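Open the model in your viewer and keep the selection tool at hand. Each stop below gives something to select and says what is there.

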Amino acid sequence: MKKEEFTALGISEELAAKAEAASLKELEGCVPKEQLDTANAEKKQLQEDIASRDKQLEELKKSSGDNAELKKQIETLQETNKSEAKKHADEMKEFRLISAIKLAITGKVHDEDMAAALFDRSRLVLASEKVTAFTGTVVPDGVEADAEGRKVVHRGSLMAASGKVVAVTAAAGSTDGTTTVSFSEAPVGILKEAVDVTYGAQPGAFVVEGYVIGERLPLGVEYTAAIGEAIHEKLPEIKFR
């Protein structure tokens with residue numbers, strides 16, 4: 001509970017401050033409700049998927065005597081499973097996004113559900129309110145001016161120690177199909193807020209620890225799990241949702 005909530009109960013300012021500190025201490029190490037809800041939703045979906053696959057296998061066993069029919073059923077199941085996997089991925093992506101928004105506005109609004117529904121999701125990059133960042137210099141090198149002549153480095157940009165935006169390239173292997181990810185410079189952080197460099201270099205906050213929504217990063221290429229893994233190798237404390 002917060003100090004204001006204690007004082008509303010008639011507790012003195014001094015005791016309310018102590019009670020708030022004790023309450024925060026008690027909550028240290030606790031998993032936020034939004035993260036727990038996400039994990040429980042994924043667990044439930046996984047259990048349902050396993051049960052569904054088991055049922056499909058039993059039905060296939062019954063049809064094993066007819067190879068043509070079996071092949072047809074397998075092809076149908078493959079298409080169904082592919083469609084269900086995409087649906088599940090989209091649902092979990094939406095669920096994580098809503099959870100991230102609620103986590104960011106917890107305690108700041110009266111109705112978190114209503115505020116989350118009205119939130120401009122296109123602006124959300126960080127999936128956690130608590131992050132670790134250091135101040136770095138953002139330079140205009142390579143930044144294209146917009147229609148108004150302004151040069152803005154967008155939030156979520158990968159930043160190098162030089163202050164330049166890190167360019168990302170991803171190429172699929174011709175033989176094994178694996179994706180090779182490379183960076184123009186080694187990333188040292190992710191820009192927390194947009195920085196206007198129209199008139200020259202400016203300070204910016206480089207996030208080095210926290211949860212990030214990979215699909216929201218302005219990388220210049222479509223975000224993939226391989227890109228997320230490559231960024232995580234360079235920035236081990238950056239985790240993706």
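Begin with Ser157. Ser157 is buried, because its relative accessible area is 4% and buried means under 20% (exposed is over 50%, partly exposed in between; 1.4 Å probe, protein chains only). Find Ser157 in the loop between β2 (152–153) and β3. Helices (H or I, at least four residues) and strands (E, at least two) are DSSP runs, numbered from the N terminus. Show what surrounds Ser157: beyond residues up to four places away in sequence, Ser157 touches Val165, Gly189, Ile190, Leu191 and Pro218. Contact here means heavy atoms within 4.5 Å.

Some ground rules. This is a predicted model, where local features need pLDDT of at least 70, side-chain atom pairs count only at pLDDT 80 or more, and totals for chains, interfaces and linings use all residues. Residues are numbered from 1 along each chain as its sequence is written, and side-chain values use heavy atoms, with hydrogens and water left out.

Color by pLDDT, the predictor's confidence in each residue, from 0 to 100. The chain averages 77, and 62% of the residues score at least 70.

Switch to cartoon. The chain has six helices and nine strands. Of its 241 residues, 27% count as buried. Among contacts between residues at least 6 apart in sequence, 63% join residues at least 24 apart.

Next, select Leu158. Set aside neighbours within four places in sequence, and Leu158 contacts Lys164, Val165, Val166, Val168, Phe183, Pro187, Gly189, Ile190, Leu219, Ile231 and Leu235. Leu158 and Phe183 have the most contacts inside the largest nonpolar core, which has 19 residues. A nonpolar core is a set of buried Ala, Val, Leu, Ile, Met, Phe, Trp, Tyr and Cys residues joined through side-chain atoms within 4.5 Å. Highlight β3, β5 (179–183), β8 and α6: each supplies at least two residues of this core. The largest share, three residues, comes from α6. Apart from this core lies another, of eight residues, among them Leu191, Val195, Val197 and Phe206.

Now select Val139, in the loop between β1 (132–138) and β2. Is Val139 buried or exposed? Val139 is buried, at a relative accessible area of 13%. Leaving out neighbours within four places in sequence, the contacts of Val139 are Val153, Ser162, Gly163, Lys164, Val197 and Ala201.

Last, the rings. The structure holds two aromatic pairs. Select Phe134 and Phe206: the ring centres are 5.4 Å apart and the planes meet at 65°, so the pair is edge-to-face. Rings of Phe, Tyr and Trp (its six-membered ring) pair if their centres lie within 6.5 Å; planes under 30 degrees apart count as stacked, over 60 as edge-to-face and the rest as tilted. Phe134 is in strand β1 and Phe206 in strand β8 (residues 202–212), 72 residues apart. Phe134 is partly exposed at 35% relative accessible area, whereas Phe206 is buried at 2%.

Move to Tyr223 and Phe240. This pair is tilted, 5.5 Å centre to centre with 35° between the planes. Tyr223 is in the loop between β8 and α6 (225–234), and Phe240 is in strand β9 (residues 238–240). Tyr223 counts as buried at 17% relative accessibility; Phe240 counts as partly exposed at 22%.
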